Amino acid sequence: MNERFNFRIAIKQADGTYKRYKVISLGRDARGLYARCAIPHKGNEFYLHDIIIDGNNAILEQCTELKDKNGEWIYEGDVVRTKEYGRHVGNVNVWDYDTFTIKFDECRFYVENDSRRFCLSDRSKVEIIGNIHDKEGK
C-alpha cells in the first residue's frame with residue numbers, strides 16, 4: 001500500500017491542543033475542501049464525519065511514506081529529533097540531538113530548522129517528538 005497518499009487531519013480542541021484522525025477520503029463541494037473521517041465513538045463504533053479543512057481549526061497533514069525509528073508514520077508538520085555526530089571530546093564521540101520540522105515543498109518532503117535543511121530520505125534515524133501545531137511535544 002502506498003502510504004504517501006494517506007492523510008490525517010488535526011482538529012483543534014477547545015484547550016488549544018489537536019486531535020488527529022485518519023482521513024478516509026477527500027472531497028470538495030460548496031463548503032470547500034473537506035475530509036471524511038472515522039471519529040471513534042465507543043468501543044468499536046465510529047461516526048463518519050465530514051470536516052471542512054480551513055487551515056486553522058482543521059489542518060490536513062500528508063504522510064511522508066517514511067517511519068521514524070519507533071515505527072511511527074511521519075507526517076507533514078511533525079517535529080522530529082535526530083542524533084547528529086557533534087564533536088570529539090578526548091576519546092569520546094559526543095552525540096548532539098537536533099530538532100527539525102517536516103515540511104513539503106516542490107513535490108518532496110524535507111526537514112528544516114533555523115540553521116539547516118535536508119531531504120528527509122537522507123536520514124533514517126529520526127524520532128517524532130511532536131507536531132508544529134501542538135503547544136507541546138509528545
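The legends below describe close-up views of a predicted model.

Local features need pLDDT of at least 70 and side-chain atom pairs count only at pLDDT 80 or more, while totals for chains, interfaces and linings use all residues. Residues are numbered from 1 along each chain as its sequence is written, and side-chain values use heavy atoms, with hydrogens and water left out.

**View 1. The protein has eleven strands and zero helices.** Strands (E, at least two residues) and helices (H or I, at least four) are DSSP runs, numbered from the N terminus. Of the 138 residues, 36% count as buried, that is, under 20% relative accessible area with a 1.4 Å probe and protein chains only as cover; exposed is over 50% and partly exposed lies in between. Among contacts (heavy atoms within 4.5 Å) with a separation of 6 or more, 41% join residues 24 or more positions apart.

**View 2. Six strands form an open sheet in the order β4-β3-β2-β1-β5-β6.** The pairing is antiparallel; two strands pair if DSSP finds at least two bridges between them. β4 (46–52) and β6 (73–75) are the edge strands, each pairing on one side only. From one strand to the next, the twist averages 45°, with axes fitted as lines to C-alpha atoms and angles running from 0 to 180 degrees between N-to-C directions.

**View 3. Strands β1 and β5 pair in the antiparallel sense.** Five bridges join β1 (residues 7–12) to β5 (residues 58–67). The bridge partner of I11 in β5 is A58.

**View 4. R8, R20, E61 and D78 are linked in a network of salt bridges.** A salt bridge is a side-chain nitrogen of Lys or Arg within 4 Å of a carboxyl oxygen of Asp or Glu. Side chains of opposite charge can pair when their charged atoms come close. E61 and R8 meet at 2.5 Å, N to O; E61 lies in strand β5 and R8 in strand β1, 53 residues apart. Both E61 and R8 are buried. R8 also meets D78 at 2.5 Å, N to O. D78 belongs to strand β7 (residues 78–89), so this pair ties β1 to a part of the chain 70 residues away in sequence. The relative accessibility of R8 is 14%, and that of D78 is 2%.

**View 5. R36 forms a salt bridge with D50.** Their closest N and O atoms are 2.7 Å apart. R36 sits in strand β3 (residues 32–40) and D50 in strand β4, 14 residues apart. R36 counts as partly exposed at 32% relative accessibility, as does D50 at 23%.
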